[in-house]
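Here is a briefing on one model. Look through the sequence and the fold, then read on.

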Amino acid sequence: MNVYEEYKKKLVSAEEAVKIVKSGDWVDYSQTCSFPEDLDAALAARRDELEDVNVRNAISMKPVQVVEQDPDQKAFTYNLWHCSGIDRKYVDQGRAFYSPMLFRNCGSYYTRGYAPVNVAMITVAPMDKNGYFSYGLTNCCMQEMLDAADHIILEVNPNMPFVFGMECDHIHISEVDYVVESTKPLGIAPGGAPSEIDKKIAGNIFPYLYDGITLQIGIGGMPNALGGLIADSDLKDLGMHTELMSDGYLKLYQAGKITNKKKLLNRGKGVFSICNGSTDLYEFLDHNIDIMSAPMRYVNNPETIRQLDHFVSINGCVSMDLYGQVCSETSGTRHISGTGGQLDFVTGAYAAEHGQAFLAMSSTFKDKQGEVHSRILPKFTAGDVITTPRTQAPRMVTEYGVAQLSGLATWQRAEAIISIAHPDFRDELIKAAEEQKIWRRSNKR
Ligand SMILES: CC(=O)SCCNC(=O)CCNC(=O)[C@H](O)C(C)(C)COP(=O)(O)OP(=O)(O)OC[C@H]1O[C@@H](n2cnc3c(N)ncnc32)[C@H](O)[C@@H]1OP(=O)(O)O
Ligand SMILES: CCCC(=O)O
């Protein structure tokens, strides 16, 4: 049987394919913008016949039907490695649950049997003449998840770009149980327009950048602002090595800033593990030989990052305390996102010879009642989860400046951290620091 005959034989409707799921099964979806939308809808339609089915995913970019169609969770429990804005709402409502993880270790949870998979449902690009399907936007922990799965269903989508990979970037028709076809648009996350504060934060980081560095930047307004600043600057010969490829990088490629020529590892290739952005970004990636996807266990491994020498990592956080502990995933016990790759990149950037890691946030946060709070807190007491411990705290950034914390004693840290707090909160932070015995009377601010 040739590959086209095999494809035809395995091609079924989504409704037919999901009949393979049994009560009690664990079902994994391909993560983020590779969401298998038609299979999810077909599985949700079986809510009255199934019970105790666990679905696992990360960073949902569209409403998830196994959650929407089963509000009382009679059939489905939705579990997440990392939360998007949509997921955050589900978690707020008690309809989804976060699984703590480090992205560099995520694949090992599958290979070590901690995360069982009965049925994997993944979105892929159309089959090539040799019978292979590219994983496209999501390399992540795909291979480990598929290796662990008893059954595999492909949702083939012509909108999914073909992406060249380092390894573990495709699957063959002979390895799958069923194929379904979908033409739904992929999820998009073009990233917000930068605010004035985002621009100031980006401006504070910019002097630390120089020709030839390799950059890891995340998603959102601040990375977009930084992308814009670099695109308009004289910087040149930058490299890309990032967990997440977002539109910030598209700007840099279009401005000719990224050549990957100075990278000591994967020279000449921009490396990413998941992509989350606009359709322009997805088109840019399609058959782009300059760019390569790689598994999270490689991209996020501090041992890999260490070899990149002039490596600069820039990520966001929610709040920090005067000891230099950083919370990036909760507000009190309210779950916001996840550890994701933050600690991986902070650790790896420190290990790189001239590496630098930045964690950025605005100095204040306005709650839904309009009240302004300092994101710099005297101490964490409300259940906030520590994403980056004080022993690893890197350069902290707000619109008021940059605080380098490595090697500083508690009083020096308190001084450095208060110097980047909003001026309206500095006096009360100093008072708290005094009470906590981490303030020297002679200190300046
Ligand atoms: C994406 C990458 O960078 S890849 C590798 C690194 N990974 C990480 O760093 C993971 C951890 N970091 C993150 O997830 C993000 O950087 C974040 C969540 C810290 C910031 O991302 P942003 O998109 O700028 O967050 P945003 O400002 O939209 O806030 C997200 C939510 O947190 C809430 N929030 C933010 N700060 C606070 C705060 N201090 N107190 C209470 N709630 C807060 C917001 O209200 C929002 O909730 P809502 O959706 O109900 O309105
Ligand atoms: C999409 C971002 C995942 C992470 O924070 O690591």
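Which helix holds proline 423? Proline 423 is found in helix 16, residues 423-435. This is a predicted model, in which local features need pLDDT of at least 70, side-chain atom pairs count only at pLDDT 80 or more, and totals for chains, interfaces and linings use all residues. Residues are numbered from 1 along each chain as its sequence is written, chains are lettered from A and ligands numbered from 1 in the order in which they are written, and side-chain values use heavy atoms, with hydrogens and water left out.

**Proline 423**
- Helices (H or I, at least four residues) and strands (E, at least two) are DSSP runs, numbered from the N terminus.
- Proline 423 counts as partly exposed because its relative accessibility is 41%; buried means under 20%, exposed over 50%, partly exposed in between (1.4 Å probe, protein chains only).
- Its C-alpha atom is separated by 9.8 Å from that of serine 374, 49 residues apart along the chain.

- Strand 23 and strand 24 (residues 401-404) run antiparallel, joined by four bridges.
- The hairpin between strand 23 and strand 24 passes through two residues.
- Threonine 398 stands opposite glycine 401 of strand 24.

**Ligand 2**
- A polar side-chain atom of glutamate 243 lies 2.3 Å from an oxygen atom of ligand 2, and one of histidine 82 lies 3.3 Å from an oxygen atom of ligand 2.
- Glycine 341 has a polar backbone atom 2.7 Å from a ligand 2 oxygen atom.
- Taken alone, ligand 2 exposes 230 Å², and the protein buries 80% of that (Shrake-Rupley method, 1.4 Å probe).

**Ligand 1**
- Of the 22 residues around ligand 1, Asn315, Arg334, Ser337, Gln342 and Arg375 come nearest.
- Strand 11 (239-245) and strand 14 (311-316) each supply at least two residues of the shell.
- A polar side-chain atom of asparagine 315 lies 2.9 Å from an oxygen atom of ligand 1.
- For a side-chain N or O atom of arginine 88, the distance to a ligand 1 oxygen atom is 3.0 Å.
- Taken alone, ligand 1 exposes 1000 Å², of which the protein buries 72%.

Definitions and conventions:
Pairing = 2+ DSSP bridges. Polar contact = N/O pair within 3.5 Å; in protein donor to acceptor, adjacent residues only side chain to side chain. Near = heavy atom within 4 Å.
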